[in-house]
Amino acid sequence: PKELEIPNRKEQLSVKKLRVVLFALCCDTEQAAEHFSNPQRRIKRWLRRFQACQEENLASPSEGKYLSLEAEEKLAEWVLTQREQQLPVNEETLFQKATKIGRSLEGGFKISYEWAVRFMLRHNLSTHTRRAVAHPLPKEVEDNATCFIQFVQRQIHTQDLPLAMIAAVDEISLFLDVEVLSSDDRKENALQTVGTGDPWCDVVLTILADGSVLPTLVFYRGHVQQPANVPESILLEAKENGYSDDEVMELWSSKVWQKHTRCQNSKGMLVLDCHRTHLSEEVLALLSSSSTLPAVVPAGCSSKIQPLDVCIKRTVRNFLHKKWKEQAKEMVDSSWDSDILLQLVLCWLAEVLEIIGDSPELVQQSFLVASVLPGPDGNANAPRRNAEMQEELISTLEEQLKLSEGQKEAGEGQEEEEEDEEGDAEEAADHEVLHQLFEGESETESFYGFEDADLDAMET
């Protein structure tokens, strides 16, 4: 029996490799390659190898050994809500949250990198997925998504809302590390789309179900001289201490939405997320004055039913990140400040907005894929069809933005997988890192769950 186990053990990934794969699933393969100095091709092979070894286990998690399925679904909900708020999901935050959830279980539970990778795959939590609309969400989240879709489609039908008055709005927050920006090394890491604390600036995107793109509002945290050239598609607001969520929505309502609705003579609907946008009485009054019903996307559902999340937001983020990395490498020895970077970001935003604006069919199909709009026959598309459309939309936009250039590596899958020589000492060191992460007591934190007010807000 011991001899029979040897081939299986060789197929399993080491703790070190699993740690790299987990990083790639939480963030992306490119960041994992940079962080661990490993080629993306190799990391993808490790992931495929793990999937081949664990395929049977993915559908039926071990009972008692790890978290229960119910507990895992709570953890999956947490991952989804973290990402919606552009908060980091990484090895440390994932393990800490899993530990807090697991403490309520009798006898505790066993945590490992293998479990973490299996968990991310089992719940379709990889950031690489281009078919998210077809993946099942945790049960409670899925039920909320279904209620939202039914509510939205019912309102569109009963109110006979025109496509030009059905909008989706969402934010992309940019975080700037000034110390890294002013350093002589790793400038490309200074600007990120995930972070904690106050963002450097917020980009508020608005699209319409008829395929139009409304002006984009950029909220800059700081004092700046009026840039020499603010593109026509962008409205810039700057303030030393930044803007609150309510102030953002109030300015957006008055400067973007009400300006649009004056040209229309109809009721409207606004699809927006529940996390960043707190609908104050002032904001609700502004929307009411333009006969606009807020349709608040329940927490954890954005990847599936928020039209901007289906394709556009992720591609805009990737485009800004790519442009900044290219610029940072070209100007390694140059001095930088926030004003210079802001001007660059405005130009890059104008570039990507022009391309999106020239593809109204892509914008309109985003509403179809998110099931906000029913299909041509009046019924929602099948999940598989929506997934195919989503993948096509992402590929099309990435091709137009030239994001796919240089990502395909020739010879992938042709090379023989080299086996790293990892001694017992190295493996023990990795286990020690994991042990130290949890040996201290963490603060008690209840799971960020769902509140009935999410759907109540839509019904009102």
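Which helix holds the place of L346? L346 sits in helix α15, residues 338-357. Before the close-ups, a few ground rules. This is a predicted model, in which local features need pLDDT of at least 70 and side-chain atom pairs count only at pLDDT 80 or more, while totals for chains, interfaces and linings use all residues. Numbering starts from 1 along each chain as its sequence is written, and side-chain values use heavy atoms, with hydrogens and water left out.

**View 1. The whole protein, with its confidence.** The protein has 19 helices and seven strands (DSSP runs numbered from the N terminus: H or I of at least four residues for helices, E of at least two for strands). Of its 460 residues, 48% count as buried (under 20% relative accessible area; exposed is over 50%, partly exposed in between, with a 1.4 Å probe and protein chains only). Take contacts (heavy atoms within 4.5 Å) between residues at least 6 apart in sequence: 76% of them join residues at least 24 apart. Mean pLDDT (the predictor's confidence in each residue, from 0 to 100) is 81, and 79% of the residues reach 70 or more.

**View 2. L346 in α15.** Back to the opening residue: L346 is buried, with a relative accessible area of 0%. N229 lies 117 residues away from L346 in sequence, but their C-alpha atoms are 8.7 Å apart in space.

**View 3. α14 against α15.** Helix α14 (residues 312-330) packs on α15 at about 135 degrees, with the axes 10 Å apart. Axes here are lines fitted to C-alpha atoms, for helices over the stretch in contact, and angles run from 0 to 180 degrees between N-to-C directions. The two helices are therefore oblique to each other (under 35 degrees is roughly parallel, over 145 roughly antiparallel, 65 to 115 roughly perpendicular, and the rest oblique). The crossing of α14 past α15 is right-handed (near helix turned clockwise from the far one by less than a right angle; anticlockwise is left-handed). From α14 come I312, V316, F319, L320, K323, W324 and Q327, meeting L341, L344, V345, W348, L349, E351, V352 and I356 of α15. That splits into 12 nonpolar, one polar and two charged residues (nonpolar: Ala, Val, Leu, Ile, Met, Phe, Trp, Tyr, Cys and Pro; charged: Asp, Glu, Lys and Arg; polar: the others, Gly among them).

**View 4. α2 alongside α7.** The axes of α2 (residues 15-26) and α7 (residues 113-122) come within 9 Å and cross at roughly 30 degrees. That makes α2 roughly parallel to α7, and the crossing is left-handed. V15, L18, R19, V21, L22, L25 and C26 of α2 touch Y113, E114, A116, V117, M120 and L121 of α7. By class, this contact has 11 nonpolar, no polar and two charged residues.

View 5. Q390 belongs to helix α17 (residues 383-400) and counts as buried at 1% relative accessibility. Leaving out residues up to four places away, Q390 touches R130, R131, A132, V133, V310 and V369. V369 is one of the buried residues of helix α16 (residues 360-369), along with L362, V363, S366, F367 and L368. Just after α16, S371 takes a positive phi of about 65 degrees.
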